[in-house]
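Me: Could you take one part of this model and walk me through it closely? I'd like to see what sits around it and how it connects to the rest.

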Amino acid sequence: MESDSEMVPFPLLIESSYRACTIPYRFPSDNPRKATPTEIAWMDTYRNSIPSFKNSAASDTTVDDAPAKAEKFAQRYAELLDDIKKDPESHGGPPDCILLCRLREQVLRELGFRDAFKKVKDVENAKAISLFPDVVRLNDDIEDGEKRLENLVRGIFAGNLFDLGSAQLAEVFSRDGMPFLASCQNLVPRPWVIDDLDTFKAKWSRKSWKKAVIFVDNSGADVILGILPFAREFLKRGIQVVLAANDLPSINDVTYHELVEIISKLKDESGKIIGVDTKNLLIANSGNDLPVIDLTRVSQEVAYLASDADLVILEGNGRGIETNLYAQFKCDSIKIGTVKHPEVAQFLGGRLYDCVFKYNEV
């Protein structure tokens, strides 16, 4: 865990209106001692994900007696959720998505599980790296700049479906895997639940940013086949790109160290990624250790690198939708991701696996 002294507010965030949880679980008028219907629904969502976490933990060969410890994790985390249901102010509550994720990670780490999803991440990263040249060439073959941009955005949505924090997606993944190109074809049709893509496409053809900071999400197809082709398009336009990844492992999120390794595998001997120079590409450690992010607490490194950026992109259900959908910035911003939970779909008035592309210009 990072110590508090090392964490600072994200410099481009407008803090006065900020709250790191998009969906309010309770209101000031609610009884502090009684769980609200929204809190109960979300605790059930987190409970539903326990089996997939338990299965991954049980197969973690780096932990002695992993199956027994995985069983203990399942019991302990379920008990914590029961406690909070009975008394919302127990365990540091009232609960929000950050607290519920943090408690889950704490239980895993206390039992010795540092990176329970490592095996599946490694497999998916290798698979995505092998597909990367084909995905990039398919995009490069689209001559119309706006059509190419839309295809790249669709790739981000398709890649973002590789998320083992969602009980439904974890089940689909364990059964069928996540074929990337099929996912691109099968996205819900536009207009999406939040769809500012046409506005952004119009800006894309007329405006250029000097530096973009992208908070990335999952390993595998998400970061390699979704985000990196998109970032490469920025680099082609001479825009500096900072990719900010987690400090510590959490579910199948890509970590800073994993991302450095992935980029090194994708570069050729002259330091290019399929013909595009990477001298303007920086990888940063965000200081985060959860699948969601509170932007009042980021690493000094990412704060320093972002201080002169003019575009912030938060990607994924956890970072872009559940914690920062309404975050306001001192520069242009994009929140992009697929909706993974029925409760989020209901809150937004959309469909499960709907897409969010929220563009705000300053």
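Reply: Let's start on the open side of helix α11, where H257 and K265 are exposed (exposed means over 50% relative accessible area, buried under 20%, and partly exposed in between, using a 1.4 Å probe and protein chains only). Helices here are DSSP runs of H or I of at least four residues, strands are runs of E of at least two, and both are numbered from the N terminus. This is a predicted model, in which local features need pLDDT of at least 70 and side-chain atom pairs count only at pLDDT 80 or more, while totals for chains, interfaces and linings use all residues. Residues are numbered from 1 along each chain as its sequence is written, and side-chain values use heavy atoms, with hydrogens and water left out.

Now turn the helix over. Within α11, which spans residues 256-266, the buried residues are E258, L259, I262, I263 and L266. Looking down the axis of α11, these buried residues fall within an arc of 135°, so they line one face of the helix (the arc is taken from the directions from the helix axis to the C-beta atoms). An α-helix has 3.6 residues a turn, so residues three or four places apart point the same way.

What does that buried face pack against? The buried residues of α11 pack against the helices α5 (118-140) and α10 (221-236), and also against β4 (240-245), β5 (272-273) and β7 (281-285); contact means heavy atoms within 4.5 Å. One residue of this face, E258, also has a charged partner: its side chain meets that of K121 in a salt bridge (2.9 Å, N to O). A salt bridge here is a side-chain nitrogen of Lys or Arg within 4 Å of a carboxyl oxygen of Asp or Glu. The pair links distant parts of the chain, with E258 in helix α11 and K121 in helix α5, 137 residues apart. Both E258 and K121 are buried.

Helix α11 lies across β4 and β7, running at about 160° to β7; axes are lines fitted to C-alpha atoms, for helices over the stretch in contact, and angles run from 0 to 180 degrees between N-to-C directions. β4 and β7 belong to an open sheet of 7 strands with mixed pairing, in the order β2-β11-β10-β9-β3-β4-β7 (two strands pair if DSSP finds at least two bridges between them). β2 (194-195) and β7 stand at the edges with a single partner strand each, so one side of each is left without a neighbour in the sheet. Helix α10 packs on the sheet too, touching β3 (211-215), β4, β7 and β9, and its direction makes about 155° with that of β4. Further along the sheet, β9 (residues 311-315) and β10 (residues 332-338) run parallel and are joined by 5 bridges, with I313 opposite I334 in β10.

Finally, look past the end of β7. D289 and R102 meet through their side chains in a salt bridge (3.3 Å, N to O). D289 lies in the loop between β7 and β8 (298-299) and R102 in helix α4 (residues 97-110), so the pair ties together parts that are 187 residues apart in sequence. D289 is buried, with a relative accessible area of 6%, whereas R102 is partly exposed at 23%. In total, the structure holds 31 salt bridges.
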